[in-house]
Amino acid sequence: MKSYHIQYGGGLESLRLREHPVPEPGPTEVLVRIRANSLSSRELNILRGRYPLPVSDDIIAASDGAGEVVAVGGEVDRFQVGDRVMGVVFQRWFDGRFDLARADQLGGSLNGLLTEYAVLDQEGVVPIPDHLTYEEAATLPCVAVTAWNALLGGQGLVPGEQVLTLGSGGVSLFALQLAKLLGARVIATAGTDEKAARLTELGADAVINHTTTVDWAKQVRELTDDRGVDHVVDVAGTLNESLRATATGGEIAFVGSLGGADPVDARLLFTSSVTVRPIALGHRAHFQAMNQAIAAADLHPVIDRVFPFDQTPAAFAYYANGGGFGKIVISHTA
């Protein structure tokens, strides 16, 4: 079998294709023939030496993957040969609060799924919704679960509430789709008019071009009769602006700081009475609940481009250069 390995802080040039014997599953493990992967910002952060959790040396890349169970251990009772499954990024975080004792993650401290075959414990995989292809399913484990946790893992989104999403990255796109699925009104920001139009097509009720709008937080206030939104999914680290855009008692899911982050105005934080909740992806229970909702709504992820497995370096380069609109997928059958 073949797999792609990366080195922490090694840049794109550290991506290497290696060959290994096909592994055999242990008593509670399943052997998965990987059919598709997707790329997330965590992969780029690992290559750039900016990932906050431990990363093993010369690790098999990519947390996100979907495939078919082709062999099972003697004690496996959750899955059988032929089942279509996805890997859970945090293999031992099943529910409850996040802590470092359960921080083992695929493509970081554990070998990832950018490989032809992977052995995973049966507790670390979940079924693929029937209506999704392998390529679509491969987009879910990291950014979709993060978006679900951002919306429901804290105060919990209630139908009729208002949500603000920032930009058109993977988490933001899933947050928009899932928030609409859950009955919310969504305001989104975008960097171009073209992306604004795409976000509107996905269901955004209003879109603000943050490139041409000097004060987008003020614009959010105007769009909500000066009340502010109930939930913000902040992927950019613009916490002061997000605080100004959030209703009293609302919640900001702090997902990341793509371009760095300014110091938070402590007075603004205190007077807003807003909860700021950092997000560490999500656990298996989040993943399972999200999959049920996705299946019930027949929701399909947004995919920008699919690369074949043997063009994985080109997929990484395309993603590192800004990609397009939607997830970058690597297909093993393309």
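Begin by selecting Tyr318, which at 23% relative accessibility counts as partly exposed (buried means under 20% relative accessible area, exposed over 50%, and partly exposed in between, with a 1.4 Å probe and protein chains only). What you have open is a predicted model, in which local features need pLDDT of at least 70, side-chain atom pairs count only at pLDDT 80 or more, and totals for chains, interfaces and linings use all residues. Residues are numbered from 1 along each chain as its sequence is written, and side-chain values use heavy atoms, with hydrogens and water left out.

Keep Tyr318 selected and show Arg305, which lies over the face of Tyr318, at 5.0 Å from the ring centre (CZ of Arg or NZ of Lys must be within 6 Å of the ring centre and within 35 degrees of the ring normal).

Now move to Met290, which, leaving aside neighbours within four places in sequence, is in contact with Leu140, Ala144, Val145, Trp148 and Leu178 (contact means heavy atoms within 4.5 Å). Met290 is also one of the residues with the most contacts inside the largest nonpolar core, which has 86 residues (a set of buried Ala, Val, Leu, Ile, Met, Phe, Trp, Tyr and Cys residues joined through side-chain atoms within 4.5 Å).
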